[in-house]
Protein chains: 2
Amino acid sequence: MTERKNTEQHKARQQKLKEKVDQKIANAQTEQGIFQVITGNGKGKSTSGFGVVARAVGHGLQAKVVQFIKGTWDCGERNLLEQHNVEFAVMKTGFTWETQDREADTLAAKLVWQEAKKYLADDSVDLVLLDEITYMVSYHYIDVEEVIEAIKNRPAMQSVIVTGRGAHRLLIELADTVSEVKNVKHAFDAGIKAQRGFDY
Amino acid sequence: MTERKNTEQHKARQQKLKEKVDQKIANAQTEQGIFQVITGNGKGKSTSGFGVVARAVGHGLQAKVVQFIKGTWDCGERNLLEQHNVEFAVMKTGFTWETQDREADTLAAKLVWQEAKKYLADDSVDLVLLDEITYMVSYHYIDVEEVIEAIKNRPAMQSVIVTGRGAHRLLIELADTVSEVKNVKHAFDAGIKAQRGFDY
């Protein structure tokens with residue numbers, strides 16, 4: 001009898017939950033491209049962005065990726081997605097910490113930002129991933145107002161994802177969806193080496 | 001002169017940061033598979049998991065996906081990844097909220113968990129994504145101790161990702177890396193409809 005009562009209670013709870021969710025779905029009817037910011041100090045921000053690109057490509061949509069930092073690394077996602085005609089624009093100097101040359105980095109950032117602006121103006125592009133652009137904004141390599149302008153004026157059905165720590169307040173304000181990835185704990189801090197195919 | 005001084009300060013700051021990071025990299029030398037939990041109420045947990053699968057596949061590794069909830073939906077990631085020989089085990093009843101039948105759901109969960117256990121015992125498998133298994137544990141469809149046991153006893157170099165809200169404390173404890181995705185804001189709450197290729 002208790003088992004049966006539990007089952008009924010469970011069913012009632014689930015029914016209530018379902019009604020709430022169905023109501024929310026019914027209320028959400030605006031069709032438009034979504035601007036999402038994925039920020040915070042935890043692992044999985046770029047990964048999440050690449051996951052959306054994989055999803056879009058799986059539905060036959062056009063996606064473009066602009067990599068502002070990790071682009072010159074051996075990149076599993078790029079290996080896969082380039083096979084599916086996802087175009088990558090990659091910042092030429094690679095990881096800023098390795099180069100430490102502010103002028104060269106600024107030029108490289110501005111150069112790849114030109115590519116990003118082309119994607120953001122092209123209505124045949126369904127999804128643009130601006131991977132780790134937040135750092136370019138924090139370092140003043142790229143002007144935040146220019147980024148805001150380009151995202152605001154993009155084609156109506158185009159979606160945009162910005163990833164990276166410390167997203168600028170203006171980007172957060174403009175975004176439709178903001179996720180913050182928090183680092184609860186990390187294998188790296190326990191002395192475990194970054195694993196190819198998992199961490200990069 | 002100020003511009004030059006700024007550049008030098010920037011360089012010094014970056015040098016310090018680089019030394020710290022290099023030291024951490026030098027200290028992290030343990031080679032092993034990583035167990036990661038991606039939890040929290042924000043958007044992008046499964047997406048992040050699928051991003052790691054895409055990365056692994058891009059490096060030619062063997063990955064398996066077990067989907068405990070969203071499996072019967074039209075799924076962009078699956079469309080893409082199945083083209084690259086990623087095997088999916090999918091829970092048969094689909095989304096629990098739609099079925100609301102505790103007995104059927106429990107059976108379906110236990111059935112797909114058998115598949116998951118096979119992957120977790122197979123050392124030709126480099127990565128296993130247990131997508132949304134946390135709900136199965138919360139609802140007591142699958143025993144948490146059994147999940148812990150299978151993950152503990154997996155092949156040494158195999159990595160595992162668990163996604164879903166409200167990850168059980170024992171999963172968090174066992175994990176090498178835990179990320180919590182927080183919902184800062186969500187397009188859905190502003191009345192924007194979920195977009196194919198972006199949200200699913």
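Mentor: We take the sheet, then the contact between the chains.
Mentor: This is a predicted model, where local features need pLDDT of at least 70, side-chain atom pairs count only at pLDDT 80 or more, and totals for chains, interfaces and linings use all residues. Residues are numbered from 1 along each chain as written, chains are lettered from A in the order written, and side-chain values use heavy atoms without hydrogens or water.
Trainee: How many strands form the open sheet?
Mentor: 12, with mixed pairing; strands are DSSP runs of E, at least two residues, numbered from the N terminus, and two pair if DSSP finds at least two bridges between them.
Trainee: Which are the edge strands?
Mentor: β3 (87-90) of chain A and β3 (87-90) of chain B, each pairing on one side only.
Trainee: How do β6 of chain A and β6(B) pair?
Mentor: They are antiparallel, over seven bridges. A:Asn183 stands opposite B:Ser179 there.
Trainee: And β4 with β5 in chain B, parallel or antiparallel?
Mentor: Parallel, joined by four bridges, with B:Leu130 opposite B:Val162.
Trainee: New topic: what area is buried between chain B and chain A?
Mentor: About 7,500 Å², 57% of it from carbon and sulfur atoms. That is the accessible area (1.4 Å probe) the two parts lose on being put together, summed over both.
Trainee: How many salt bridges cross the interface?
Mentor: Four, by the rule of a Lys or Arg side-chain nitrogen within 4 Å of an Asp or Glu carboxyl oxygen. One of them joins A:Glu31 and B:Lys193, with the closest N and O atoms 3.7 Å apart.
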